[in-house]
Amino acid sequence: MSHASRTAPRICPLCEATCGLTLTIEGTTVTGARGDRDDIFSRGFICPKGASFGGLDADPDRLRVPLVRGEDGELREASWDEAFDRIAARIPALAEAHGPQAVGVVLGNPNVHTMAGSLYPPLLLAALSTRNVFTASTLDQMPKHVSSGLLFGDANAIPVPDLDRTDHLLLIGANPLESNGSLCTAPDFPGRLRALRRRGGTLTVIDPRRTRTARLADRHVAIRPGADALLLAAMAHVLLEEKLTDPGALAEHLEGADELAVALADFTPDAVAAACDVDAATITALARELAAAPTAAVYGRIGSCTVEHGTLASWLVDVLNILTGNLDRPGGALFPLSATARAPRAAAPGKGFALGRWASRVSGHPEAKGELPTAALAEEIETPGEGRIRALIVLAANPVLSAPDGDRLDAALAGHLDFMVSVDPYLNETSRHADVVLPPPPPSQSAHFDFAFNSFAVHNQVRYTRAPIPLEDGRMDESEIHARLILAVSGMHGAPPSAVDDLAIATAITKAGAPEELADELTGRSGPERRLDLMLRLGPYGLTLERLLAHPHGIDLGPLKPRVPEILRTRSGRIELLPAPIAADLPRLRRALGDRPAPLVLVGRRHLRSNNSWMHNVVSLSGGSNVCTLQVHPDDAARLGLVDGATVRIESAGGGIEAPAEITDTVRSGVVSLPHGWGHSRPGTRMAVAAAHPGANVNQLLDGTLLDPLSGTAVLNAIPVTVTPSP
């Protein structure tokens, strides 16, 4: 039977760019996806991931009903009631017997790409009262949260580059032409960079690889991996030494400027040049060009975060923006104001930001932003003693592939847990160990609002799309899955899922000091819509869900504007340029000046047609450039006897793997590069496309012991390795 074709708008949930899509739908099947030309933010831009929406949505390997582990040890299909009955019988009992710390929670990156994943995990954590929380943040972005917390008093106050108005953009450790941006929500990042060049602006890229972004730049500096903080410190030193600093309107809101100059005195361009493998003249020129530009912004991402000095590098990015007067001004780096943010408050001292309020049980890793290092998860499961994690709830995460030493974690999940729950659409390398797997519906059957990414948007706007296809029979909405999970673990099993949303609404109204009657005015078809309506009403623009629904392509809320001092939450009420934890970590950076660099180090890389490991199961995104190869410079290949396409052995202190060599001059000598998210060779998964081209898990080269001490972030880049031809 044929069905009439129709179109529907949908915000893409596959990366941080949040592009608007126009889906073509026949019956209940997405048959095409193109960029929404009327979208007020993305203006029709689309990347290969967005174009694959239909194939991903209809992936036959996606789970459609819950799986429950039977007495024979095998996973079998089950009803939703049976799945939640099992959870309600096990999790509360384990917490009662062994204490709340016996339950651990892992939150993966995809959580911030869905409404349910943004709204419900905080309620789950509150219900469990556990401190054993592990997220993808300690594998990519926690250094930026920590540095923002220390500088501004709010770990979520992260400035983003004003891409559309800046005259000079310096990128370090970022490749937005392939990643589409991170902690900087910017649909058509490539087009915005090209527009910068067209209007006479300057683009500088600091990266050990000649990436697609680097090829677009006016200046590409091929730094030695891991030396980002040293180079940035030297640039700050030049600004201070040559009196090129001019904080402008920020001057009255700063403290610690004199102390900063003393703290950075040793980091001269000459002192850092050898460690960075960048000559002193180039470092000095970078600083002078930054100071001389009419407006400028420095932006650092994962390449500068997932290294030994990731928090210091993230801090120095903002120090450079502050010293040049480019923080919090148009054309520089500003703080977005999302439609669901709390309404601005009067400037006043706040509670500040503290690190290490508790520590992990086994290795004593300090918490950061309420989270423990994901690299410590395995030891917290396998090490006997009081507080051992006995039950694990994994929400949209695959740490067996994404965290260091997946083999160890794999064994811990298999042999040391009493019970495990996964909320995941796939049976992957991690969820295959679960006793209960709860699969959310495909994105076409889910509404979408970007709670997290609107807080990092380069232009203030708001967009919401309802599910373009009704929920399929037998499926359960992701918000109901989360709500029922919360009820099951909190002793309220059997209560209606709406009870969770009603409680969240009542709590938010009380906290905001709003009248109780406001709850009766909220509109929406579901609990999440009512909660969204409340957040819009309480937000800074006074919007409502009804008004948002009347604008299916979004509402333009205007360009970013200065927000200091209202965003400051430090105890002093000022920007604290040299926070005590940063000052205490600088001697470690100073010691790096004398380190002897390893002859060969490993860095990761991003693919345009991939974001997380589950995208390797989409036919239209596989193959081509999206392959797991070890990129090696021709000089290194000749020295090591490597042949293009031949299998090589990569070894480090943490382990060894094999991958095909790709000999290319896009990576500098002394550096090799392998992408993340691969290693789909474990038995018991149901991801046929990925398993056909498994690749090698780069994180198996890491044993998880090397972390950035301030943020607990795993060091995933600048890892010393040896590479030899495979026997």
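**Cavities and sheets**

Tutor: Happy to! In this predicted model, the count comes to 3 cavities of 30 Å³ or more. Let us begin with the largest cavity, which holds about 100 Å³ of space. Its lining is made up of 15 residues. If you want to find the middle of this cavity, look for Lys144, Pro159, Tyr299, Gly300 and Val317, the lining residues that lie nearest its centre. Three elements each supply at least two residues of this lining: the strands β8 (160–161) and β13 (297–300), and the helix α15 (310–323). Sorted by class, the lining of the largest cavity has 9 nonpolar residues, along with 3 polar and 3 charged ones.

Now move to the second largest cavity, with about 50 Å³ of space. Among the residues that line it are Cys12, Cys15, Cys19 and Cys47. Ala17, Thr18, Phe45, Ile46, Gly50 and Asn180 line this second cavity too. By class, its lining divides into 7 nonpolar and 3 polar residues, with no charged ones.

From here we can turn to the sheets. One of them is an open sheet of 3 strands in the order β1-β2-β3, with antiparallel pairing. Here β1 (5–11) and β3 (29–35) stand at the edges, and each has a single partner strand, so one side of each is left without a neighbour in the sheet. Neighbouring strands of this sheet are turned by 30 degrees against each other on average, direction ignored. To see how β1 is held to β2 (residues 20–26), follow the 7 bridges that join these antiparallel strands. Arg6, for instance, has Ile25 in β2 as its bridge partner.

Another open sheet has 7 strands, in the order β5-β4-β17-β16-β15-β6-β7, and its pairing is mixed. The edge strands are β5 (75–77) and β7 (133–135), each of which pairs on one side only. From one strand to the next, the twist averages 15 degrees. At the β5 end, 3 bridges join that strand to β4 (residues 67–69), and the two run antiparallel. Look there for Arg69, which stands opposite Leu75 in β5.

Finally, a word on the aromatic rings. The structure holds 4 aromatic pairs. There is also a charge placed over a ring: the charged end of Arg531 sits over the ring of Tyr120, 5.0 Å from its centre.

Key. Residues are numbered from 1 along each chain as its sequence is written. This is a predicted model: local features need pLDDT of at least 70, side-chain atom pairs count only at pLDDT 80 or more; totals for chains, interfaces and linings use all residues. Side-chain values use heavy atoms; hydrogens and water are left out. Two strands pair if DSSP finds at least two bridges between them. Helices (H or I, at least four residues) and strands (E, at least two) are DSSP runs, numbered from the N terminus. Axes are lines fitted to C-alpha atoms, for helices over the stretch in contact, and angles run from 0 to 180 degrees between N-to-C directions. Rings of Phe, Tyr and Trp (its six-membered ring) pair if their centres lie within 6.5 Å; planes under 30 degrees apart count as stacked, over 60 as edge-to-face and the rest as tilted. A charge sits over a ring if NZ of Lys or CZ of Arg is within 6 Å of the ring centre and within 35 degrees of the ring normal. On a 1 Å grid over the protein atoms alone, a cavity is a set of points where a 1.4 Å probe fits but cannot get out, and a pocket is an open set with protein on both sides within 12 Å along at least five of seven lines; lining residues have an atom within 4 Å of a point. Grid points are joined across faces, edges and corners, and a volume is the space filled by probe spheres set on the points. Ala, Val, Leu, Ile, Met, Phe, Trp, Tyr, Cys and Pro count as nonpolar, Asp, Glu, Lys and Arg as charged, and the others, Gly among them, as polar.
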